[in-house]
Amino acid sequence: MKIHEYQAKALLAQYGIPVPKGNVAHTPAEAREMAAEIGGEAVVKAQVYAGGRGKVGGIKMVNNPAEAEKAASQMIGTRLVTHQTGPEGVPVSKVLVEEASDVARELYISILVDGTSHLPVMMASQAGGMEIEEVARSSPEKVFKSYIDPAIGFQPFQGRKLAYGMNLDGGQIGEATRLMTNLYKLFVDKDCSLAEVNPLVVTADGRLLALDAKLNFDDNALYRHKDIQELQDKEQEEPLEIQARDWGINNYVKMDGDIGCMVNGAGLAMAVNDLIQYCGGKAANFLDIGTLNNTERVVNSFRMFVADPRIKAVLVNIFGGMARVDVIAKGIVEAYQQMDIPFPVVIRLAGTNLQEGQRILSESGINFIRAKDFYDGARKVVEAAKGVMK
Amino acid sequence: MSILVDESTRLLVQGITGSEGSFHTQRCIEYGTKVVAGVTPGKGGSKHLGVPVFNTIEKAMGETGASASLMFVPPALAADGILEATEAGMPLIVCITEGIPVLDMVKVHRYLEGKPTRLIGPNCPGVMSPGKCKAGIMVGEIHLPGSVGVISRSGTLTYDVVSQLTSLGIGQSTCVGIGGDALPGSTFVDILKLFQADQDTKAVVLIGEIGGTMEQEAAEFISHKMTKPVVAFVAGSTAPPGKRMGHAGAIITGSAGKASEKTKALSQAGATIAPTPAEVGLTTKRVLESL
């Protein structure tokens, strides 16, 4: 789960990490008041779940409250398109108004869990303000890592190593070590999947300050963090994905094609999308219905397809294991009884209770396109979407 | 032969009295697996599905000689369940549970270091040695005893691949679902090592997917240490970057996480790449014929 920058900074501040003075504004008038409180120069930053804001007018320097109001009015109510969003962009409904900082140097720190060592790793670099992957590729000598033993936590010697790696000195070494120790504490306390301060700046007067921050959270751990769950801004998410979750379909990802897919299992669902592309079509979604054996989720999947005007044909590919094929078949028939389904549906079933499932489909009298295997299903749905097969 | 589980495996089920635990324990017993014990704290002393239930794993192992554990414990309690089984000296733990927090698994991995326990999963379909032992939730009937080892990060895609193999008359020595999480207990390399050492495994089918670098590590192992042929497919070539595709570990966060990069690494290492997920069986057949 993602949160906004202003929320991430509030969490950092709670953990004793210095952030610029600022506040969130929902209207241009509020932005004006906040700029007045700060006094003098300020920065107005669009709050969206996407990076790359600076390059597309999502971050503006202002000299006085009137300029802050103007900048906010140019952002609030618009959609911001960055290299991390789709062409439709993401809506801006609030801005962060912050005091401007006098920046001497830009650094980078982050924590994530490393898949190979199975340990949290603190990364630091003197090349802040850039994407760390890019820095790691072009100048790997500028990226320093320290793996953290979960039994003892982040240790001062690790902080010193990374701080010296960022070319800090004097009192900044202790300051950076404290900052990293606190960031690790936040990472663990809140079950983050990523905690990134980029840039971490050294101000002209030598202080460290988290100028931008990104916190992502482990979805599997949200059950124990009600406070974090409440921070979610549904407006920033894909509407079809929100709709799917509301209908009990947790594993739905919108894609850019016109073939609706309903599959059980994530690996199979990905493979189905790959195969559709191989056959010359494009999936409109990734949808793993999971293994819950009730017809409601099947009916709701069809509701998703009907609600999506892009859909030209649908492929149902179920390999029953935990999920029973007869229940899926019953769900499909129920969907036809409950709604008008305007597109052709290709069905491939295999696995647990297959015969019973086949019988239910045959006896329904509904005109499905039946596929004998995985490949056959993909081929037929691509033809159906092109209007060749009905 | 086979790897990890066989006819001598004495299976213990953690969470045997829950609905999923009950359903799948029954299927394992029907397949012929020796289920010798169940563990559900608070229900010790009772019997469930004809299997004696214990409060602790230590007691269950002491009284039944259980040699492997199959776990159906809810995500919030699962890490604790793995730790308990590890502490009791369980040689093999197969954890089916989906949704365990990553930082819980960080602790589990740290605790497992240097201990003799092998963990498969979490978030996996389990381990199956056809005709010998089913320690998992996979459909028994689609399997056929034979000499091809199967390793996969996915559940249902593996079922499809296994049924392709079986319908071509190609049997399997053991099928291992290592799971879809970002921090699996065993990796492709761990299982490739076992298949390489197993006399009865002639070839290996590897089903990877987007996210992480496990396929690249497997490629490294295949090119330097593997003498048996490997057939591979990596799912997710159409997955958009930054989106989690169902599995917790299936998210492209850097270029190494892409299906194309993984496929390239495996191909360069000498693995035969199946052109589509529907042709893994046929590709394996051709590879076996050329041996």
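Biologist: What makes the seven strands β3-β4-β2-β1-β5-β6-β7 of chain B an open sheet?
Modeller: Keep in mind that this is a predicted model. The sheet is open, with β3-β4-β2-β1-β5-β6-β7 as the order in chain B and mixed pairing. Look at the edges: β3 (47–48) and β7 (118–120) of chain B each have a single partner strand, so each has one side with no neighbour in the sheet.

Biologist: How do you know that β1 and β2 of chain B are paired?
Modeller: Pairing takes at least two bridges between the strands. Five bridges link β1 (residues 10–14) with β2 (residues 34–39) in chain B, so by the cut-off of at least two they count as a pair. The two strands run parallel, and within β2(B), V39(B) is the residue opposite Q14(B).

Biologist: What packs on that sheet, touching β1, β5, β6 and β7 of chain B?
Modeller: That's α3(B), which touches β1, β5 (68–71), β6 (92–95) and β7 of chain B. The direction of α3(B) makes about 170° with that of β6(B).

Biologist: Why do β8 and β11 of chain B count as paired?
Modeller: Three bridges join β8 (residues 126–129) to β11 (residues 172–177) in chain B, and the cut-off is at least two, so they pair. They run antiparallel, with V127(B) opposite V176(B) in β11(B).

Biologist: How many residues of chain B are in contact with chain A?
Modeller: 45 residues of chain B contact 45 residues of chain A. A contact needs C-beta atoms within 7 Å. On chain B's side, α3 (75–87), α4 (102–112), α5 (156–167) and β12 (203–209) each give two or more residues, and α4(B) gives the most, six. By class, that side has 23 nonpolar, 16 polar and six charged residues.

Key: Residues numbered from 1 in each chain as written. Chains lettered and ligands numbered in written order. Predicted model: local features only at pLDDT ≥ 70, side-chain atom pairs only at ≥ 80, totals over all residues. Contact = placed C-beta atoms within 7 Å. Helix = DSSP H or I, 4+ residues; strand = E, 2+ residues; numbered from the N terminus. Nonpolar A, V, L, I, M, F, W, Y, C, P; charged D, E, K, R; others polar. Axes fitted to C-alpha atoms, helices over the stretch in contact; angles between N-to-C directions.
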